[in-house]
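Reader: I would like to go through this assembly and ask what stands behind each label. Please set the values against the criteria as we go.

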Amino acid sequence: MSSWISRKLAKINGPLAPVAVGTLVAGFGFIALYPSASSAQSNKTGNLGNYGYTGSYLYGSNAQGKSGEGLTYLKLNPATIPYGQSLFVENCASCHGVSAQGTSRAPNLQGLGAATVDFWVSTGRMPLADPSVQAVQKPSRFTRTQTLAIDAYVSSIAPGGPAIPNVNLGLSNESAGESLFSTNCAACHTITGAGDALASGVFAPSLYSATSTQIAEAVRTGPGNMPRFGPSTLSDQQVADLVKYVNYLKNPIDRGGIALGHVGPVTEGFVGILVGLGSLMLAGLWIGGRAK
Amino acid sequence: MSITERDDSGASHPAIETVEGKRGYELVVAASFMVSVLATVGLGVSYWLGGQPQIEGALLFVTLGGIGIGMVAWGKYLVPQGPYVQERETLKSEILEREAFLESLERGQRQLGRRPFLGKLLGLSVGLFGIINIFPFLRSLGPQPKKALFTTPWKAGALIVSVGGAPITVDTLEVGGIQTVFPSYDVGGAISQTVLIRIGDTNWTTLPGRETWGPNGYLAYSKICTHAGCPVGLYQELTQQLLCPCHQSLFDVLTGATPVFGPAPRPLPQLPIYFDSKGNLRAQAGYDQPVGPGFWERG
Amino acid sequence: MITQTADWFDERLGIAKWTRKSLNKIFPDHWSFMLGEIAMYSFVILLFTGVFLTFFFVPSSKDVIYNGSYAPLRGHSVSEAFASTLDLSFSVRAGLVMRQMHHWAANVFVAAIVVHVCRIFFTGAFRKPREINWLIGTGLLVLAIVNGFLGYSLPDDLISGTGIRIAFSIVLSVPVVGSYIAFFLFGGNFPGNAIIPRFYTLHILVIPGLIIGLLTAHLAIMWHQKHTQFKGKGKSNRNVVGVAMWPAYAFQAGGFFFLTAAVIAALGGLVQINPIWLYGQYVPYKVSYAVQPDWYMGWLDGAMRLMPSWEIQAFGHMIPTVFFPAVLLPGITFTVLGLWPFIEKKITKDDLEHNILDNPRDVPWRTALGVGVLTFYVVLFFASSTDVLANSYSLSLNFVLWGFRILVFVVPPIAAIVAFKVSAEASEVPSTGKRKRAVAIMRSDVGEFYTEDIEPRSPAHEESIEELPEEIHYHLLKANGRELVTSSGGSIGQSDSLRLDSDTDAGSRQIPGVQIVDHGFFGRKGSTGGRSKRNIIGRKRR
């Protein structure tokens, strides 16, 4: 018995030996020379050197500006009011009335503030394409100058309402913004800002194409079904922090690879089943074949 | 090439031939293994340089895939595939074996069976041991529910504050605003979380008997969904509805958060609130009913 | 060196004797037999990557200030579990790849089990003698789903924390004992601070231990009972036709393990899954929209969404609405699934041993039932993404939800009826062979035309091939029996049963002519690779 096994194994044993020894030597050499192999347990110090990591995922700055400086408000130029008026009469007055007093078809805009008008016009939601459904973002019909002129005209009719905010991203903090975003915004816009459907044909839109000013305007004015966050709910600095985090979400660190639209387990499940199991079943088809 | 095998019983088996003339497949197998080796070297280099998830994943794919394809191709194209036939054994034991087994079993039972009292005692001691010793384990896992599910930390006069701890005044929310609030002594509490919504400027009565519960258009509801306990955070201002993100229950804010759509069975409990002499928002009392999802003891 | 080692072991364990039997084991060829293997290999990958993760993950709800390398969360108060998962993803070498491979492997693991169960069901492979293995398999499916949920919850991120909150409500909904179980499990009212370490123990120790135990039993029983096989030439209820364990099958299966690992590694490295750094720490009052569980919990989530708001209140007690979709539905599902072999036996009164698989089309009623039930769960699964579907296709959420409430009752019966019609139409009529038989038109010497069957498949011919081994087997058993009778003689006592145990292997060898029915018997195959050239017991086919 033993001699039978010896004979069988002797045939395999010979040529394998040098390969095996070579592999072992190479492997141990690699381990011995491996850089900073001693560091293993993570800590909270954030000392990247501990892990030998040289990647570039360090993102943004921790710089925190003085409170309130992250957000300033735009002063509109009164000289543009006549130009704004002509644009308004041409494009908006048919529904909102010549002096923005509102009609049966559209609401009164007086006293809503420049930020409200600016948000609706600059995101292309106004003029409205189809009054029966929720206004959607589309390319604006106006240039920035034209939009500001309309803003100036409407806000000149009646005082009140928030002015157009201007975000200084250099003075805002995305870490504080994350906290505010997850508390106040994620419930509708999802934690990744991808947006989702609310009840009765209402949608919380994706935030990825909104500009800093538009995000701040939306927070302050609460367009459509969105709640309104005034200065006593969210301070100017908090709005700036929030905007910085939303801007981060437009192009977040996707260290894991393809992001699958940032909609979470739904797409992940489909990929797992269709791509993962699917390709393995094809491999199985190759290996196992069909019934013979 | 043909090998004749001879096993230890001395019987000569029909020989199994190896598959010949498969030079192409041999090359494929060799190439697969070589690709794998190269990718492994690349993986080593990548680790050395600090690693990068996508590079690691791609190289792992090539490394493992190379080995896999090589092995499968080797096993599929370079060795005979048969088909070979193997007989099944009868799973059921032979009648004599079954009889012998039953005989042994019965012999043992006969030998034990003479002392039925000892057997019962053994059962009692082991069973009791098992049952009694579960209790310290079970009881240490957590407290009894008692009244915990019926109450919340809210009580009369509790100062209502935001997540940041700031008291709420009449000006805190604009009309159409929403904020998550807590009693000042339980900020961030999972059970006491409450949504504060401002629906207008004047006092609002959601339901008869709640005439004083909505001062200056402020309404406060428990944020815990009555369906499965998720935070009901989606406020649709135009339709005055609260939507639960988990299972899409919809509550009508103006009429006491009654469920109008989806699986939630009960309204969100409303917190009676008032503005004190300093203008800070306070709770008139705690919730008048248990908050959150249903449970057995709740009548 | 290897030679001596093998000798050393053989002298002590006799490995040559029983490994030879295993080396010669026959595995039938069919791609659908690979589904269970995908599940098993995914599980092995889960073990490997999981062990890696345990070295870095800290299962603790204790608050720490995160100050690691992911800037947008710096300065946040997070749990140690969340912080260590972040560090694992950003600072540990290959940590993120391992974490993502673990998650993808879990998704593939459960998916492979589900498809494997479908294969077993539709081909009737659960029938006698394999009922026990079906029960074990059902247990494995439940454990896999539960462990998936536990593992998904461990990072303590916003999405999974919401899932734990729902789980608490589900446990709470169990009549009579619900609130006690919930409080004991969570160490108090929600959220408590015990759930992460407890889930951890369950996730890495208790449930994997159970899975390993049941998986071992599953494989051992399968090994002992041998594989089923589809109908085919030379295949009978009493044999297995296929490739040998060594080396063909071992290389193919081993290679398949590496291929499974390769696919999961590719997903793990290239496709992002569960980016918890974007989700942030779970805080009870925070919530994100589009919260879904991993796919294998989707049907439960969907059922919870579709369930109307019925809550039973009577006699001072309450049965909450979540009880029906989240406790009762899975309870019924897995009970009926596990007991299906016994239920079917009640229906068919079939107590025969089945080693030949049904073609699903030949048993239309079972196929229809399976398709109908499966469709029901698939609809529920899609219902768990009502919000995402409404958003993607710009539909009203209410419309989508009502649509699913109707679809879940309308689609399954339709699917079942269609499946029944299709399989009944396609099924083979018994005793007539294939529906279309190839016929050759021949011309005789005198110029007369006539037809002749190509490749005659007369039943008599088939049977003679199939029954031959049975005769041999019968002889073996008779020989064994005679040996028992003659040698034992008198009463059967302890010494006799001992002799029986030791006799099973050696006994067969002592009888002349028995080697040919050894477990490792090989038919002979021609070297040219033609499939049809095969010897069965020295008798040439075709």
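Predicted model: local features only at pLDDT ≥ 70, side-chain atom pairs only at ≥ 80, totals over all residues.

Reader: How do you know how much area chain B and chain C bury between them?

Author: The value is the accessible area that the two parts lose on being put together, summed over both. For chain B and chain C this comes to about 9,100 Å², with 65% of it on carbon and sulfur atoms. On the side of chain B, B:Gln86, B:Arg88 and B:Trp296 lose the most area to chain C, together 12% of what that side buries.

Reader: Which criterion counts residues into that contact, and how many does each chain give?

Author: A residue counts if heavy atoms come within 4.5 Å of the other chain. The contact takes 91 residues from chain B and 117 residues from chain C.

Reader: Why is the pair B:Arg266 and C:Glu311 called a salt bridge?

Author: The closest N and O atoms of B:Arg266 and C:Glu311 are 2.7 Å apart. The limit is 4 Å between a side-chain nitrogen of Lys or Arg and a carboxyl oxygen of Asp or Glu, so the pair passes. The count between chain B and chain C is two salt bridges. Across this interface there are also 27 residue pairs in polar contact, both residues at pLDDT 80 or more.

Reader: Which element gives the largest share of the side of chain B that touches chain C?

Author: That is α2(B), with 17 residues. By class, this side of chain B divides into 49 nonpolar, 26 polar and 16 charged residues.

Reader: Turning to chain A, what makes B:Glu237 and A:Arg228 a salt bridge?

Author: Their side chains meet at 3.6 Å, N to O. Across the interface of chain B and chain A, one salt bridge is found. The polar contacts there number 13 residue pairs, with both residues at pLDDT 80 or more. To the side of chain B that touches chain A, α2(B) gives the most, with seven residues. The residues of that side divide into 18 nonpolar, twelve polar and six charged.

Reader: How much area do chain B and chain A bury, and which residues of chain B lose the most?

Author: Chain B and chain A bury about 2,700 Å² between them, 56% of it on carbon and sulfur atoms. In chain B, the residues that lose the most area to chain A are B:Trp48, B:Glu174 and B:Gln236, together 20% of what that side buries. The contact takes 36 residues from chain B and 33 residues from chain A.

Reader: How is chain A divided into domains?

Author: The domain assignment gives domain 1 (20-70 + 168-252) and domain 2 (75-163) of chain A. Their contact takes 13 residues from domain 1 and twelve residues from domain 2. The two domains of chain A bury about 930 Å² between them, 53% of it on carbon and sulfur atoms. A:Gln214, A:Glu217 and A:Thr221 supply 49% of the area that domain 1 buries against domain 2, more than any other three residues.

Reader: How many salt bridges and polar contacts lie between these domains of chain A?

Author: The salt bridge count between domain 1 and domain 2 of chain A is zero. Three residue pairs are in polar contact, both residues at pLDDT 80 or more. On the side of domain 1, helix α8 (residues 212-221) of chain A gives the largest share, six residues.

Definitions and conventions: Residues numbered from 1 in each chain as written. Chains lettered and ligands numbered in written order. Heavy atoms only, no water. Domains from an automatic or database assignment. Buried area = accessible area lost by both parts, 1.4 Å probe. Polar contact = N/O pair within 3.5 Å; in protein donor to acceptor, adjacent residues only side chain to side chain. Helix = DSSP H or I, 4+ residues; strand = E, 2+ residues; numbered from the N terminus. Nonpolar A, V, L, I, M, F, W, Y, C, P; charged D, E, K, R; others polar.
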